[in-house]
Amino acid sequence: MKFASPNIRLTADLYPSLTAALFVVIALWLDDQATIALWLDDQLGGSLPFIFCPVKRILRTGSNWIQSKGFTVWFTGLPGSGKSTVSHALYEAFLNLGLKRCELLDGDVVRTHISKGLGFSRTDRDTNILRIGWVAQLLTKHGIPNIVAAISPYRETRKQVRAMVTDGAQPDSFVEVFVKCPLEECMRRDPKGLYKAARKGEVKWVTGVDDPYEEPEDPEIVLDTTVLDVVSEVDILLQYLQSRGLILPGEYFTP
Ligand SMILES: Nc1ncnc2c1ncn2[C@@H]1O[C@H](COP(=O)(O)OP(=O)(O)O)[C@@H](O)[C@H]1O
Ligand SMILES: [Mg+2]
């Protein structure tokens, strides 16, 4: 005996449409809840209880959480110009903006791993930079925003790295940032005591002293670290990346 009636089949046929409609209703409802929650949080001066922080983070940065485009922000400049300082601040900002995955390659750290044993001759410096460039292009290709902070003193080598990273990716996926600071100021800051050691003759081939630094001719961004502070530097970088659609606008979330 058959139980199937035209009515039952009609309902079964409607299941996909009903499920889709239910999803739309739930999405609209969630969107409403999110808007209300964020409005309430704004009214309270961002002081919704701490327990809501993870929720707030996802609500405020959700778009960057979902979208992730690969690109390389490449900091170049003299030792002591501020590359590590700004790149760490930018990395923090990326996390705060909800970027799920990102990577920071600091030249000093890289030299203790994949470039361990390399010196500071032109050949060794180039090898170091090309290795970092190789990793940067892999990350970019796989949609992972990455930041590189390395003196990278030679124009030609930086050009090669740009070509590597943008090969097969969008042309603006390589952002060269010139961290500009006069040699005298870098020497005054001397965060690692490198210039002092060079003066004493303890180290050789120090960029700016007895090894050349070739300033970028057409970098995407110039940060003069004698004029700007770190917060404005990060703002400039974020605005540029947003204007290129590499990251999405979001709130600079601090719990
Ligand atoms: N506006 C600025 N941006 C970045 N660093 C700055 C700025 N003003 C002063 N500094 C200081 O300059 C030094 C830069 O050191 P660091 O970031 O290690 O340089 P690099 O990585 O280029 O060798 C730090 O001590 C930092 O606090
Ligand atoms: Mg550094």
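How much of the chain do buried residues make up? Buried residues are 31% of the 255 residues in the chain. A residue counts as buried if 20 or more other C-beta atoms lie within 10 Å of its own, as exposed if 12 or fewer do, and as partly exposed in between, with C-beta atoms placed from the backbone.

Some ground rules. This is a predicted model: local features need pLDDT of at least 70, side-chain atom pairs count only at pLDDT 80 or more, and totals for chains, interfaces and linings use all residues. Residues are numbered from 1 along each chain as its sequence is written, while chains are lettered from A and ligands numbered from 1 in the order in which they are written.

Now the layout. The chain has nine helices and five strands. These are DSSP runs, numbered from the N terminus: helices are H or I with at least four residues, strands are E with at least two. Along the sequence, the pattern reads α-α-β-α-β-α-α-β-α-β-α-α-β-α.

Next, the sheet. Five strands form an open sheet, in the order β2-β3-β1-β4-β5, with parallel pairing. Two strands pair if DSSP finds at least two bridges between them. At the edges sit β2 (103–106) and β5 (221–224), each pairing on one side only. From one strand to the next, the twist averages 20 degrees. For angles, axes are lines fitted to C-alpha atoms, for helices over the stretch in contact, and angles run from 0 to 180 degrees between N-to-C directions.

Let's walk through the pairs. Strand β1, residues 72–76, is joined to β4, residues 174–180, by five bridges. There, Thr72 has Phe174 as its bridge partner. Four bridges join β1 to β3, and Trp74 stands opposite Val148 in β3. Another four bridges join β2 to β3. In that pair, Glu103 is partnered with Asn146.

Strand β3 is covered on both faces. Asn146 and Val148 are buried on one side, Ile147 and Ala149 on the other.

By touching I mean contact: two residues whose C-beta atoms, placed from the backbone, lie within 7 Å. Helix α6, residues 155–166, lies across β1 and β4, at about 150 degrees to β4.

Stay with α3. The helix has 14 residues and reaches 20 Å from first C-alpha to last, close to the 20 Å expected at 1.5 Å a residue. That expected span is 1.5 Å times one less than the number of residues. Its buried residues are Lys83, Ser84, Val86, Ser87, Leu90, Tyr91, Ala93 and Phe94. After α3 comes Gly98, with a positive phi near 95 degrees.

Which residues have the most contacts inside the largest nonpolar core? They are Val73, Trp74, Phe75, Leu90, Val148 and Val177, in a core of 38 residues. A nonpolar core is a set of buried Ala, Val, Leu, Ile, Met, Phe, Trp, Tyr and Cys residues joined through C-beta atoms within 7 Å. Elements that each supply at least two of its residues are β1, α3, α5 (122–141), β3, α6, β4 and α9 (230–243). Take Leu90: leaving out residues up to four places away in sequence, Leu90 touches Val73, Ile147, Val234 and Leu237.

Then the ligand. Around ligand 1 there are 17 residues, the closest being Gly82, Lys83, Ser84, Thr85 and Thr225. A residue is near a molecule if its C-beta atom, placed from the backbone, lies within 6 Å of it. The largest share, four residues, comes from α3.

Ser152 lies between β3 and α6. Its phi is positive, near 35 degrees, though Ser152 is not a glycine. Ser152 counts as buried because it has 27 C-beta neighbours inside 10 Å. Asp190 is in the loop between α7 (183–189) and α8 (194–199), also with a positive phi, near 30 degrees. Buried or partly exposed? Asp190 has 16 other C-beta atoms within 10 Å, so it is partly exposed.
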